[in-house]
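Subject: Handover of a structure and notes on its contents

Dear colleague,

Please find below the structure that I am passing on to you. My notes follow it, arranged by topic.

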Amino acid sequence: MATRMEQGVGENSVTEVLNGINIEDQKRFRYDTPKYSPTLFNGYLKSGKVACRFKNQLNGHVLSSSSDEDSRSKANVYMNGHHGHKARIINESFEPPSFLTSFLTQLVAKEENREGYLPLYDRFSSFYSRYVYRRIKDCWNYPVCSVPGAEIVLKDRVTKDNGWTFEFTGKQTKCLNLGSYNYLGFAEPNGPCAEFAIESLHKYGVSTGATRQQYGTCDLHVELEKLTAEFLGTEDAITFGMGFATNALNIPTFLSTGCLVLSDEKNHASLILGIKLSGASVKVFKHNDVDHLEKLLQENIYYGQPNQPDGHYKPWRKILIVVEGVYSMEGSIVHLPDIIALKKKYKAYLYLDEAHSIGATGKHGRGVVDYFHCNPKDIDILMGTFTKSFGSAGGYIAGSKKFISFLRKHSYAAKYATAMAPPVAAQIIAVLKILMSKDGTNEGQKRIKQLARNTRYFRRRLAQIGVITYGNQDSPVVPILGYLYSKIAAVVRILIEHKIATVGVGYPATPFLEARIRICLSAAHTKEQLDYALEVIDKVADQLGLKYSRKFRDPKPIDYDTIELYD
């Protein structure tokens, strides 16, 4: 593979790709996959045939998808490019289901005599919501009556009409919390963070009552953005009051018609909405498949914008690669070093969403950039939220001083949305100071290590039990595959009976036959709590037949205190 580029993917770019493929004789690259639906599960329209190009070992671990360079020829090894750091070993599991499970598919009827008209309704969605989801609706939307810490209090309810309506019983159930995004355990009713938030409430009130550009900025916002930039190692940062809006309302600020987005197929709905609102063209690459991403880069740089008059070549105004740090439904971690290498090679831009990875990964809690020992300046746009590891709300975008200044002036979220509430900002400031040891303690490092130890211990024990889990060994998001909705509902109900609160996830958030229990681990969990949960999960897996895994089960006891945390 060799590439000659002049002036990147901007105007007047010239690219010649030499990889053994005669691109001039091809209208597009082709990938094989079954045509189950005209849309992908993340809501994008399919623009052509795409296929997963993962190479799996017999043990189910995914190898690097690219094999054309020496640095990618070793299984599961991604070099970080920095001297003095050991290569990061990627240990991820995506074990496929059994043949019987894959065979159980649904045949959906289609409307007839409707040529030229849009469908009046999605027949399958209507059937699903009425006759599937309604019957197991009690497994979702549980009201809570406490702080979502290591334990959580659920408000009990019953249904007398099979899920159409619910009535509260007046009772409450205290459960072990395995469902909240409280990665570092900062969702607490007391302590220095809560005290600082209460103090700010007395000083500033609940809200500043305006947008950031119209008397809505207070000194807490200024301090928060300085601390965020310092924590991430960037020149500047800007914060917003809502994590979802951080993506949805900022992406249209710097993308427009004539731009191209290369988006991972598992990206969050907020990213998808922001891309759609921008008017940019989008191509979807297979999840974490660097080889597929590179082919899309080659094809789109070579052909440029489609449908030009008289075959005129018009390059894309800009090409933006959009990925997440930790994928919230898969538990996987982005292959960041390879993505950065492609971004540099083809002179594209990189947008990294660290909503689930900031605070939860890396030796210092600085996300996947820290996890892979990458240079934060290699990522053009760093995005994250404060709703998970920080026990608060809102989001941030960090990057160069010039780019953040542009957002301060043009961002829809900065111009039209009410500023982040002062108590919310105070909570985040207190957490950042703890993580950066500015409070004079090592509490931040202690929590980061506790989460890392809990994550590896829990995942290894699940492997011994024999259930199929997805994702990276260092991801605190742990999906346990149940495949069938009936089993997921049964698991959620039985676990609640044993005072364990978990989250069941299924269609449309996942493929229809890949329903799962999603467990979110926390630094607040003790080993005793995890052991209790694992004991119950083991019994439930036997009872419901969830031990699908065909991997070797290591019978050796796992010593919690001696687990290696950082490779």
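A disulfide is a pair of cysteine sulfur atoms within 2.5 Å. By this rule, the count here comes to 0 disulfides.

Confidence in the model

Please keep in mind that this is a predicted model. The mean pLDDT of the protein chain is 84, and 80% of its residues reach 70 or more. Over residues 1-81, however, the pLDDT is below 50, although this stretch has 184 contacts in the model beyond near neighbours in sequence. Residues 104-109 also stay under 50, and the model has 6 contacts for them beyond four places in sequence. Where pLDDT is low, the predicted coordinates should not be read in detail.

The chain as a whole

The protein chain has 567 residues, of which 53% count as buried. Its secondary structure comes to 16 helices and 19 strands.

Helix α8

Helix α8 covers residues 290-303, which makes 14 residues. From its first C-alpha to its last, α8 reaches 20 Å, close to the 20 Å expected at 1.5 Å a residue. At the start of the helix, a side-chain oxygen of Asp289 comes to within 3.1 Å of the backbone nitrogen of Asp291. After the helix comes Gly304, with a positive phi near 70 degrees.

Is α8 mostly covered or mostly exposed? It is mostly covered, as 12 of its 14 residues are buried. The buried residues include Val290, Leu293, Leu296, Leu297 and Ile301, and also Asp291, Glu294, Lys295 and Glu299.

Helix α5

Ala245 lies in helix α5, which spans residues 243-248. With a relative accessible area of 12%, Ala245 is buried, because the limit for that class is under 20%. Ala245 and Leu273 are 28 residues apart along the chain, and their C-alpha atoms are separated by 9.6 Å.

Backbone details in the loops

Which two residues does a cis peptide bond join? They are Tyr507 and Pro508, with omega about 5 degrees. Pro508 is found in the loop between β18 (503-505) and β19 (515-520).

Tyr215 is not a glycine, yet it has a positive phi of about 60 degrees. This residue sits in the loop between α3 (192-204) and α4 (219-232). Tyr215 counts as exposed because its relative accessibility is 83%, and exposed means over 50%.

Lys347, also a residue other than glycine, has a positive phi near 55 degrees. Its place is in the loop between α9 (336-345) and β12 (349-353). Is Lys347 buried, partly exposed or exposed? Its relative accessible area is 41%, so Lys347 is partly exposed, the class between the limits of 20% and 50%.

With kind regards

Conventions. Residues are numbered from 1 along each chain as its sequence is written. Side-chain values use heavy atoms; hydrogens and water are left out. Helices (H or I, at least four residues) and strands (E, at least two) are DSSP runs, numbered from the N terminus. The expected span of a helix is 1.5 Å times one less than its number of residues. Buried means under 20% relative accessible area, exposed over 50%, partly exposed in between (1.4 Å probe, protein chains only). A polar contact is a pair of N or O atoms within 3.5 Å; within protein, one must be able to donate a hydrogen and the other to accept it, and residues adjacent in sequence count only if both atoms are side-chain atoms. pLDDT is the predictor's confidence in each residue, from 0 to 100. Contact means heavy atoms within 4.5 Å.
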